[in-house]
Amino acid sequence: MRSLLIGYLFFFGNIGFSQNIMRYEMASNHWLPDLYTQQYNRSFDSLGIITQKGEYHPLTICLYGIQCYDKFLETKDEYYLTQFKNQYKYFEDTSKFVVLFDGKGIGLPYRFNFHDLKPLWYSGLTQGTTVSFLLRYADYFKDEHAFELAEKVGFLLKVPEEDGGVLSRTPEGFLWIEEYPNSKKSRNVLNGFISGLVGLKEYCDFFPDDTLASHIHDSVYFAMKQVISKYDYARNWAAYDRNNKSIPIYYLRLQIGQFDHLYS
């Protein structure tokens with residue numbers, strides 16, 4: 001596992017990313033949208049927005065929306081374009097998110113307890129994936145409001161966790177995008193970090209004048225290369241986080257898919 005991950009990092013260590021928005025491989029190579037809807041008691045509300053066990057989950061909505069977008073580009077089937085558009089309707093209801101930092105930021109809140117986290121809390125995984133979804137919508141439909149939303153959702157990727165954002169530090173002191181900010185139960189989760197990193201990179205591509213975002217991107221990318229060996233679990237598997245928690249095989253497939261995405 002270590003050699004696989006370090007091998008990827010060696011090859012893409014200093015390769016620049018395309019300025020054109022790319023296929024979201026780590027989702028679209030991992031799930032099929034039609035099967036994705038059949039998992040975890042997912043269904044659709046009257047507007048066509050996907051729900052999970054009757055609840056709205058921004059991460060599920062954005063992942064499904066991105067899958068449909070990629071499927072539409074691949075097949076030109078208008079059904080998937082319609083599904084992509086339907087997921088954006090979630091963001092047209094301002095009651096679904098929280099405006100933060102004097103209007104500069106938007107948080108997609110989790111409204112339930114998770115381990116030692118109490119509502120409302122925000123996730124670097126969800127904020128980053130939402131940026132990726134909104135930028136695709138904004139780019140395809142040339143929608144200025146979606147661009148504005150993406151910029152504000154991305155704002156939390158630049159704010160430390162102690163101030164209400166999603167940036168933390170590794171035990172070595174490197175900057176990190178945290179899936180569970182302020183939690184002591186799951187620190188420096190790898191898969192959530194990578195989704196946040198991809199969202200931040202795409203944010204930087206669309207907002208190149210944001211020098212703070214570019215600096216943070218370079219810092220967290222550097223951090224990943226420095227600490228990736230810490231996720232080598234028992235020398236033959238991969239860890240979920242820095243609390244040395246192992247992962248099931250389907251998570252391992254997801255992590256490998258994420259590194260494929262970074263390589264691309």
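These are my notebook entries on one predicted protein model.

**Ground rules**

I am working from a predicted model, so I take local features only at pLDDT of at least 70 and side-chain atom pairs only at pLDDT 80 or more, while totals for chains, interfaces and linings use all residues. I number residues from 1 along each chain as its sequence is written, and side-chain values use heavy atoms, with hydrogens and water left out.

**Entry 1: overall build**

I looked up the secondary structure first. The protein chain has 10 helices and 8 strands. These are DSSP runs numbered from the N terminus: helices are H or I with at least four residues, strands are E with at least two.

Next I checked the overall dimensions. The C-alpha atoms fill a box of roughly 50 × 40 × 40 Å along the principal axes.

I then looked at contacts, meaning heavy atoms within 4.5 Å. Of the contacts with a separation of 6 or more, 60% join residues 24 or more positions apart.

**Entry 2: the core**

Buried residues make up 55% of the 264 residues. Buried means under 20% relative accessible area, exposed over 50%, and partly exposed in between (1.4 Å probe, protein chains only).

I asked which residues touch the most other members of the largest nonpolar core. They are F91, I194 and L200, in a core of 72 residues. Helix α4 (residues 58-75) gives the largest share of this core, 9 residues. A nonpolar core here is a set of buried Ala, Val, Leu, Ile, Met, Phe, Trp, Tyr and Cys residues joined through side-chain atoms within 4.5 Å. Nonpolar side chains tend to be buried together in soluble globular proteins.

I followed L200 further. Beyond its neighbours within four places in sequence, L200 contacts L157, I177, A213, I216, H217 and V220.

S28 sits in helix α2. Is S28 buried or exposed? S28 is buried, with a relative accessible area of 12%. Leaving out residues up to four places away, S28 touches R23, I66, Q67 and D70.

H30 lies in the loop between α2 (25-28) and α3 (33-36). H30 counts as partly exposed because its relative accessibility is 31%. With residues up to four places away set aside, H30 touches E25, Y250, R253 and L254. I also checked H30 against L149: they are 119 residues apart along the chain, and their C-alpha atoms are separated by 27 Å.

P119 lies in the loop between β4 (105-107) and α6 (124-141). P119 is partly exposed, at 41% relative accessibility. Its contacts outside four places in sequence are Y110, R111, F112 and N113.

The peptide bond from P119 to L120 is cis, with omega near -10°. L120 is also in the loop between β4 and α6.

**Entry 3: positive phi**

Most residues other than glycine have a negative phi, and most peptide bonds are trans. I noted two residues with positive phi.

N41 has a phi of about 55° and is not a glycine. N41 is in the loop between α3 and β1 (42-44), and N41 is exposed at 57% relative accessible area.

R235 has a positive phi of about 70° and is not a glycine. R235 is in the loop between β7 (232-233) and β8 (237-238). R235 is exposed, at 65%.
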